[in-house]
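Open the model in your viewer and keep the sequence panel beside it. We will go stop by stop, with something to select at each one.

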Amino acid sequence: MLNLQDVKTLLHEEEDTLSLYLNVDNAVPENQAASPAWGIALKNALRDIEAELEDHQKAGWKAVQERTEAFFHSYRPRSKGLVMFVTAEDEQVYELPIPTENEAKFGRPLVVPLVWKLDEYEPYLVVMTDQEEAHFYISYLGETEFEEGLEIDLEEYDFGQKTLMPATPAVVGGRPLTQGSHRDEFEDTIDEHRTRFYRDVVEATRRMTEETSAKRIILGGSEQSAHAVHNLMDDKLQAQVVSVMSIPMRYAPHEIFRDIEPVALNYERDQEMDLMQEIIDFAKSGGRGALGAEAVEKAFEMQQVEMLVLSWPLEDTRAANQLTHQALTLNSKIELVHGAAAIKLNEEGQGIAARLYFAV
């Protein structure tokens, strides 16, 4: 799974790095032509870069160009988006299940668009549960994939020789005395076993959030079972639950993603607005916030940036890439905000802000 650590490795690449972002989605009509649109975009980008090279870049460009052309000589798209970083010695290739805008740059690795995709499509753990089984899915970068499943096994529990026949009533004073039914006992046992199953689902959920680094959870399937699982979670795990939804267990992964996508994106937008307002309040009260390029750069110099925040789409790609490199180098968090939060950030800080470790 692609993550920020992969992006950080790009910081060690040379200054003479070709960064390529290509929309290679075969479902796009323009990519179905004999000369696909992405191929034309690539050819034009290489030509334009070569025409604009500075003298000190020309020596390294030829080897990069040859390596790039060799790669695409036999390339056949297998994804929607292709991200590639090429130097004279090697190339790093990331095939993404989501499309990307065609973009190319030669110089320091252009990492901001890749960071945006990681930020926008953070992994979600989707737990689908009913009274008999649970399925676990990871929704990541626009795709939902099955991870594992659990099934309730009623036979493993010792029911003894209980039957569903009612008990024979005793007679006291000429009136029957009902001693309770085996059916009630059986159903109580089933409920107890089902609660144990839900606890197993909770433990599996906890384990998978740790294994996959998923910070968000959506509970689906039977709404009654999903709420039962939610109620058995501790406070820490409950805090990661974004929504409890009714999603049919029969749904295929792409149908699950279709249902959860608007919920997940709305949650992200709300979180971004809350973050933006927090930083603005900090900055205006002289606290742990910085607004604008100058204030953020000063905070970086003092190594006080806990989180860099940029609006998306970017106002200044060059400045944003420079700040992103600094954030990754200092292990600062990075958040790119969209929609209403981006508009607010553009108004208050020209698209750049930071949350600090402490007030400076």
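Two strands pair if DSSP finds at least two bridges between them. Helices (H or I, at least four residues) and strands (E, at least two) are DSSP runs, numbered from the N terminus. With that, select β5 and β6: they form a hairpin, with three residues between them.

Before moving on, two notes. This is a predicted model, in which local features need pLDDT of at least 70 and side-chain atom pairs count only at pLDDT 80 or more, while totals for chains, interfaces and linings use all residues. Residues are numbered from 1 along each chain as its sequence is written, and side-chain values use heavy atoms, with hydrogens and water left out.

**Stop 1: the hairpin and its neighbour**

Stay on β5 (residues 124–129). Six bridges join β5 to β6, and the two run antiparallel. Click T129; its bridge partner in β6 is A134.

Find S139, which stands opposite T144 in β7.

Is β6 enclosed or open? Seven of the eight residues of β6 (residues 133–140) are buried, so this strand is largely enclosed by the rest of the structure. Buried means under 20% relative accessible area, exposed over 50%, and partly exposed in between (1.4 Å probe, protein chains only).

**Stop 2: an open sheet with a helix on it**

Select β1 to β4. Which order do the four strands take? The open sheet runs β3-β2-β1-β4, with antiparallel pairing. β3 (91–96) and β4 (103–107) are the edge strands, each pairing on one side only. From one strand to the next, the twist averages 5°.

Zoom in on β1 (residues 17–23). Five bridges link β1 and β4 in the antiparallel sense. One place to look is S19, whose bridge partner in β4 is K105.

Next, show helix α3 (residues 55–73). α3 packs on the sheet and touches β1, β2 (81–86), β3 and β4. Contact means heavy atoms within 4.5 Å. The direction of α3 makes about 140° with that of β2. Axes are lines fitted to C-alpha atoms, for helices over the stretch in contact, and angles run from 0 to 180 degrees between N-to-C directions.

**Stop 3**

Most residues other than glycine have a negative phi, and most peptide bonds are trans. Go to W312 and P313: a cis peptide bond joins them, with omega about 5°. P313 lies in the loop between β13 (305–311) and α10 (317–329).

Move to N331, in the loop between α10 and β14 (333–337). Its phi is near 60°, a positive value. N331 counts as exposed because its relative accessibility is 53%.

Then pick Q350, in the loop between α11 (340–349) and β15. Phi of Q350 is positive too, near 50°. At 55% relative accessibility, Q350 counts as exposed.

**Stop 4: a surface patch**

Select M302, Y357, F358 and V360. They form a nonpolar patch on the surface, with about 420 Å² of accessible area together. Such patches join nonpolar side chains (Val, Leu, Ile, Met, Phe, Trp, Tyr) within 5 Å, like charges within 9 Å, from residues with over 30% relative accessible area and no salt bridge. A salt bridge is a side-chain nitrogen of Lys or Arg within 4 Å of a carboxyl oxygen of Asp or Glu. Accessible areas come from the Shrake-Rupley method with a 1.4 Å probe; for residues, only the protein chains shown count as cover.

Finish on F358, in the segment after β15 (352–356). F358 counts as partly exposed, at 47% relative accessibility.
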